[in-house]
Amino acid sequence: MSIGKREFSRIVTFSRPTGNTTQYSINDAVSDNATSATAASFTLTGMAAANGMGGKITGVTLYKNDQDLVLADFNIYFFKSQPVSTGYEDNVLIAITDTEWQSCFGFVELVGSTTPPLDAVNVATGDLFCRTNLDLNYECASGSTSLYFVMVARSAYTPADGETFTLIVDAE
């Protein structure tokens with residue numbers, strides 16, 4: 001007996017700090033707070049049918065509400081266990097520990113600022129990044145159906161004041 005695929009999407013939205021337009025450096029975290037990032041809020045809930053099970057990420061879409069693709073490149077790192085150390089504050093060089101790296105099962109590059117192929121386009125109200133046809137297998141931690149992500153700037157990108165990001169992860 002074959003069990004059919006269950007395709008679904010998970011959405012996480014967050015806003016950068018208000019009043020902050022400090023340019024990112026390469027490998028700076030993109031987050032919701034400059035002093036105490038809530039990495040726990042970057043949780044993709046219900047990514048498995050049961051605790052400790054898994055699936056496959058098939059697509060990643062990122063929307064940001066500021067229309068300025070210039071140097072707007074990002075990496076989205078995925079983890080099976082929640083990153084809990086410091087170093088995820090907005091506009092701070094990421095500081096992923098060795099233990100957290102062991103929980104990382106992959107990442108997706110979203111490129112908007114270099115020559116083709118690009119993963120991004122300007123839309124009427126912002127920028128839209130998209131990667132499809134992914135084959136990123138995952139397994140949730142024992143006792144969990146959630147995954148976690150950290151968003152990182154890949155270039156010296158200048159954000160908008162209070163810029164809002166929406167990440168959509170498609171999986172099966």
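**Helices and strands**

I counted the elements in this predicted model first. The protein has 1 helix and 11 strands. Both are DSSP runs, numbered from the N terminus: a helix is H or I with at least four residues, a strand is E with at least two. Along the sequence I read β-β-β-β-β-α-β-β-β-β-β-β.

I noted the ground rules. Residues are numbered from 1 along each chain as its sequence is written. In this predicted model local features need pLDDT of at least 70, side-chain atom pairs count only at pLDDT 80 or more, and totals for chains, interfaces and linings use all residues, while side-chain values use heavy atoms, with hydrogens and water left out.

**Burial, surface and contacts**

I looked up burial next. Buried means under 20% relative accessible area, exposed means over 50%, and partly exposed is in between (1.4 Å probe, protein chains only). Of the 172 residues, 46% count as buried.

The accessible surface comes to about 8,300 Å². I used the Shrake-Rupley method with a 1.4 Å probe; for residues, only the protein chains shown count as cover. Carbon and sulfur atoms hold 52% of that surface.

Then I checked contacts (heavy atoms within 4.5 Å). I took those between residues at least 6 apart in sequence, and 83% of them join residues at least 24 apart.

**Cysteines**

How many disulfides does the structure hold? I found 0. A disulfide counts here as a pair of cysteine sulfur atoms within 2.5 Å. In general, it is a covalent bond between the sulfur atoms of two cysteines.

C130 is partly exposed, with a relative accessible area of 34%. C140 is buried, at 2% relative accessibility.

Strand β9 covers residues 136-139. Which residues form its covered face? I found L136 and Y138 there, with N137 and E139 on the uncovered face.

I then traced the pairing (at least two DSSP bridges between two strands). Strand β4, residues 54-64, is joined to β9 by 4 bridges, and the two run antiparallel. One partner of G55 to note is Y138, in β9.

**Salt bridges**

I searched the whole structure and found 5 salt bridges. The cut-off is a side-chain nitrogen of Lys or Arg within 4 Å of a carboxyl oxygen of Asp or Glu. In general, side chains of opposite charge can pair when their charged atoms come close.

I checked D135 and K56 first. Their side chains meet in a salt bridge at 3.5 Å, N to O. D135 sits in the loop between β8 (126-131) and β9, K56 sits in strand β4, and they are 79 residues apart. D135 is exposed at 57%, whereas K56 is partly exposed at 21%.

Next came E163 and K64, with closest N and O atoms 3.2 Å apart. E163 lies in the loop between β10 (147-153) and β11 (164-171) and K64 in strand β4, so the pair ties together parts 99 residues apart in sequence. Are they buried or exposed? Both are buried.

Then I took R154 and E109, whose closest N and O atoms are 3.5 Å apart. R154 is in the loop between β10 and β11, E109 is in strand β6 (residues 104-110), and 45 residues separate them. R154 is partly exposed at 28%. E109 is also partly exposed, at 32%.

Last, I noted a network: salt bridges that share partners join K56, D135 and E172.
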